[in-house]
Amino acid sequence: MSVTLPNIKYILLDIEGTTSDIQFVHQVMFPYSRERLEQFVLSHKNLEEVVEAINLTQQTVKAEQGQDIDLEGAIATLLEWIDRDRKHPALKSIQGLIWKEGFETGAFNAHIYPDVKPKLEEWTRSGLKLGIYSSGSIATQKMFFSHTVEGDLTPLFSNYFDLTTGSKKEAISYEQISDVLGLAPNKIVFFSDVPAELVAAREKGLQVVHVKREGTESWSDVPEVESFQEISISQT
């Protein structure tokens, strides 16, 4: 498979299943945060970011279930959200703080597919701008790409977007990103392994490419690649 993309100025990238093996996140990062979440929250319960995350968790439970929960209940809810892989800002904030410790202490380094770094460097040399759009917090994204098996890749990226922009499966999020970048949507290409995200981006006029890594089902509605090396980009 090969894909040629015309008239591109900006490349927007998903992480899990696109630049990095989703199994690294689910088999390494998620268990690491789950194992440490309760003790981390109890040990840092006065830290501003933790206080905000716990408050947001309590507000969500109140809104969705009509229940008031204490700190213990909030911790139990966060653990449940990990098990359900819920993309909730409070959980992502707490996980980000825990993962930060993991990266900085060398407990793990982020997985990157071998075809990714060379292609990102090639695109950057050609004058293209690169950005990340992930459900993980911006702080986590920066920590992830600064501690990869291929070294620090953060110099390659100009922007990071997370759930504060909106859900990756909602079209309005991609309109907001194009507004922030000051680019017409059709000048931006979004790479993801999730069809619903690509549908949302395409609805707002972005060019899209489905990344089919090992374990990802093929989806023929849009251009598809198995490696970044199959992608050719023209800026005219």
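**Close-up views of a predicted model**

**View 1. Surroundings of Lys129.** Lys129 touches Lys9, Tyr10, Ile11 and Ser158, not counting residues up to four places away in sequence. The model shown here and in the other views is predicted. Lys129 belongs to strand E3, which covers residues 129-133. Its relative accessibility is 47%, and Lys129 therefore counts as partly exposed, a class that lies between 20% and 50%. Leu5 is 124 residues away from Lys129 along the chain, and the C-alpha atoms of Lys129 and Leu5 are separated by 15 Å.

View 2. Lys168 lies in the loop that runs between strand E4 (159-161) and helix H7 (171-181). With a relative accessible area of 7%, Lys168 is buried, because buried means under 20% relative accessible area. The side chain of Lys168 makes a polar contact of 2.6 Å with the side chain of Asp14. The side chain of Glu197 is also joined to that of Lys168 by a polar contact, at 3.4 Å. When neighbours within four places in sequence are left aside, the residues in contact with Lys168 are Asp14, Tyr133, Ser134, Ser135, Tyr174, Phe190, Glu197 and Ala200.

**View 3. Thr140 in helix H6.** Helix H6 spans residues 138-146 and contains Thr140. Is Thr140 buried or exposed? Thr140 has a relative accessible area of 7% and is buried. The side chains of Thr140 and Ser137 are joined by a polar contact of 2.9 Å. Beyond residues up to four places away in sequence, Thr140 touches Lys92, Gly96 and Trp99.

**View 4. Asn7, with positive phi.** Asn7 sits in the loop between strand E1 (3-5) and strand E2 (10-13). Phi of Asn7 is near 60 degrees, a positive value in a residue other than glycine. The relative accessible area of Asn7 is 24%, and Asn7 is partly exposed.

**View 5. Asp85, with positive phi.** The loop between helix H3 (71-84) and helix H4 (89-104) holds Asp85. Although Asp85 is not a glycine, its phi is positive, at about 55 degrees. Asp85 counts as partly exposed at 25% relative accessibility.

**View 6. The whole protein, for orientation.** The secondary structure comes to eight helices and eight strands. The radius of gyration is 18 Å, close to the 18 Å that the globule rule gives for 236 residues, so the protein is as compact as a globular protein of that length. Taken along the principal axes, the box filled by the C-alpha atoms is roughly 55 × 40 × 30 Å. Of the 236 residues, 50% count as buried. Among contacts with a separation of 6 or more, 68% are between residues 24 or more positions apart. The accessible surface of the protein is about 10,900 Å², and carbon and sulfur atoms account for 47% of that surface.

Key. Residues numbered from 1 in each chain as written. Predicted model: local features only at pLDDT ≥ 70, side-chain atom pairs only at ≥ 80, totals over all residues. Heavy atoms only, no water. Helix = DSSP H or I, 4+ residues; strand = E, 2+ residues; numbered from the N terminus. Rg over C-alpha atoms; globule rule 2.2 N^0.38 Å. Buried < 20%, exposed > 50% of the residue type's maximum accessible area, 1.4 Å probe, protein only. Contact = heavy atoms within 4.5 Å. Areas by Shrake-Rupley, 256 points an atom, 1.4 Å probe, with all protein chains shown as cover. Polar contact = N/O pair within 3.5 Å; in protein donor to acceptor, adjacent residues only side chain to side chain.
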